[in-house]
Amino acid sequence: ARRRDRQLAGPPDSADGTASTGDGAAGQLRRTDSTASSADLRCRDAAGKWHSVKELRELRNEAVMKGMRWLHKFLTANRCEALVAIGDDGACIFFEIWYTSASSTIRSAARGIAVDLLEKYERHLIRPQACKCKACAAGKTAPKSGRELFIELMYLARCKEEMEIDAADLLATADRLWRDEGLADTSTLFGVSPDDFPGISDADWVPLIMGIMVMEFNQLLFPRRWPLKWGLREAFTYFRTHSYTGPPYLEDYKFHDSFYLVTHIAFAISAYSAIKMNPKDVPWLFDYNRRSAQYWVKLATRRLSGRQPDALVDIDGLAEAVDVMRGCGLTDGGDPLLCSSALALLAFQRRDGSWPYWTLAPSVGADRGPIAQEPKEASFYNRLHPTWVAVQSLRDRNFEYDRKGNAQWDKFMARLLKQTNLRKLQTRIVYERPRRKTGKKLTSKAA
């Protein structure tokens, strides 16, 4: 997910709008634990409790399908109001689900929805006179620069090319923008040059690194059509010198912003889970991701147990951490932290299939940790993102499908990681101990 705002998730709402106590989660946890027979394959969570692998998989698949139905309905409601407001992110969600989902049921449903959304959004972008969305009908479409439009078309181009959907009109429009907007200059294309990297915030890096990734991927799908003068090699080389902040979650948002940059470096490596990642390639990244997941699971346990019912749980963050772990081929049966993370995400799903969006309360208690509050208003993107990433994170993966670009990307990335030596940071990552235990800080050695 390409995060654009600070969006935090916490306690879900019940049907009447009040904060959930987690009773539904407890029921799910009891179900997977108590019904597991001795003949079942079982998995252990981080607390040492055992669960049926089969029933947990069924719960996850059910949650994914339910979440997909909510996402499709949300994006197309009111004549695609949310789809148009969110942009290519919304149009590409189901392509990502289709790409590597192990379940044929999930994969088939995702492909049908992906084709529908891609066609709708492409029509909105390049044939607005034929578009029936609310914005086009009212003549109130938000203006886009040629550069912005081109980048959006690049995401759609990758999706349609790999799904083998005709994209002739889209590609012709992209060619025209490339020529007319002077986008052959890579610094003009991305709006920055490598010399600007040190001044780019972690939050701004998130959409930038994804834009660079999709352009690199399209070098493989469309050779020499839109050549780059610089790209991921320069970005990865810079990331070795960058400073990253670990948990806990504080009001300065340093951990929040740093965490999403790290997960999106992982998504750039995998091209949104197109290929299986190896933690040994970038050990510091996967160590950071696991530490962050452990932090959010601890807060989720605290909230679900009732010890702190207002604790903030960043569902977006936990889900992205799980997505990264599954992107390494890990499963609930072989990883207790992944098992606990999946159970927590299942516990937070609402009855309508969505996951909640909460934000950090203005004041954080020194001993209690981050506190959640419900925003009175939220953008379409903020309402969508927790469900988007939760659905992505709960689905099983199969990296053996023969897609048009994944095999080439695997070879490209193996070379790039060796060339840039991203596995070794020049600056240690700082992790703070819980405040009530000690005020000292821990540092993680750069691998």
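Reply: Contact here means heavy atoms within 4.5 Å. This is a predicted model, so local features need pLDDT of at least 70, side-chain atom pairs count only at pLDDT 80 or more, and totals for chains, interfaces and linings use all residues. Residues are numbered from 1 along each chain as its sequence is written, and side-chain values use heavy atoms, with hydrogens and water left out.

Me: Ok, what does Asn-406 touch, not counting residues up to four places away in sequence?

Reply: Its partners are Tyr-99, Glu-162, Phe-217, Ala-274, Ile-275 and Tyr-401.

Me: And is Asn-406 buried or exposed?

Reply: Asn-406 is buried, because its relative accessible area is 7%. The cut-offs are under 20% for buried, over 50% for exposed and partly exposed in between, with a 1.4 Å probe and protein chains only.

Me: Which helix is Asn-406 in?

Reply: Asn-406 belongs to helix α16, residues 406-420. Helices (H or I, at least four residues) and strands (E, at least two) are DSSP runs, numbered from the N terminus.

Me: Switching to the largest nonpolar core: which residues touch the most other members?

Reply: Phe-94, Phe-150, Trp-205, Phe-236 and Phe-239, out of 150 residues in that core. Helix α2 (residues 53-86) gives the most to it, 15 residues. A nonpolar core is a set of buried Ala, Val, Leu, Ile, Met, Phe, Trp, Tyr and Cys residues joined through side-chain atoms within 4.5 Å.

Me: What is Phe-236 in contact with, leaving aside neighbours within four places in sequence?

Reply: Phe-236 contacts Ile-209, Ile-265, Ala-268, Ile-269, Met-413, Leu-416, Leu-417, Thr-420 and Leu-422.

Me: What about phi of Asn-78?

Reply: Phi there is positive, near 55 degrees, in a residue other than glycine. Asn-78 is in helix α2 and counts as partly exposed because its relative accessible area is 43%. Asn-421 also is not a glycine and has a positive phi, about 55 degrees. Asn-421 is in the loop between α16 and β5 (429-432), and is partly exposed, with a relative accessible area of 30%.

Me: How many cavities of 30 Å³ or more are there?

Reply: The count is 3. On a 1 Å grid over the protein atoms alone, a cavity is a set of points where a 1.4 Å probe fits but cannot get out, and lining residues have an atom within 4 Å of a point. Points are joined across faces, edges and corners, and a volume is the space filled by probe spheres set on them.

Me: What lines the second largest cavity?

Reply: Cys-92, Phe-95, Glu-96, Tyr-155, Arg-158, Cys-159, Met-213, Val-214 and Tyr-272. Elements giving two or more residues to that lining are α3 (88-100), α6 (146-162) and α9 (202-221). The second largest cavity has a volume of about 60 Å³.

Me: Last one: what pLDDT does the protein chain average?

Reply: It averages 89, and 87% of the residues score at least 70. Over residues 1-27 the pLDDT is below 50, and that stretch has 100 contacts in the model beyond near neighbours in sequence. pLDDT is the predictor's confidence in each residue, from 0 to 100.

Terms used:
1 Å grid on protein atoms, 1.4 Å probe; cavity = no way out; pocket = protein on both sides within 12 Å on 5 of 7 lines; lining within 4 Å.
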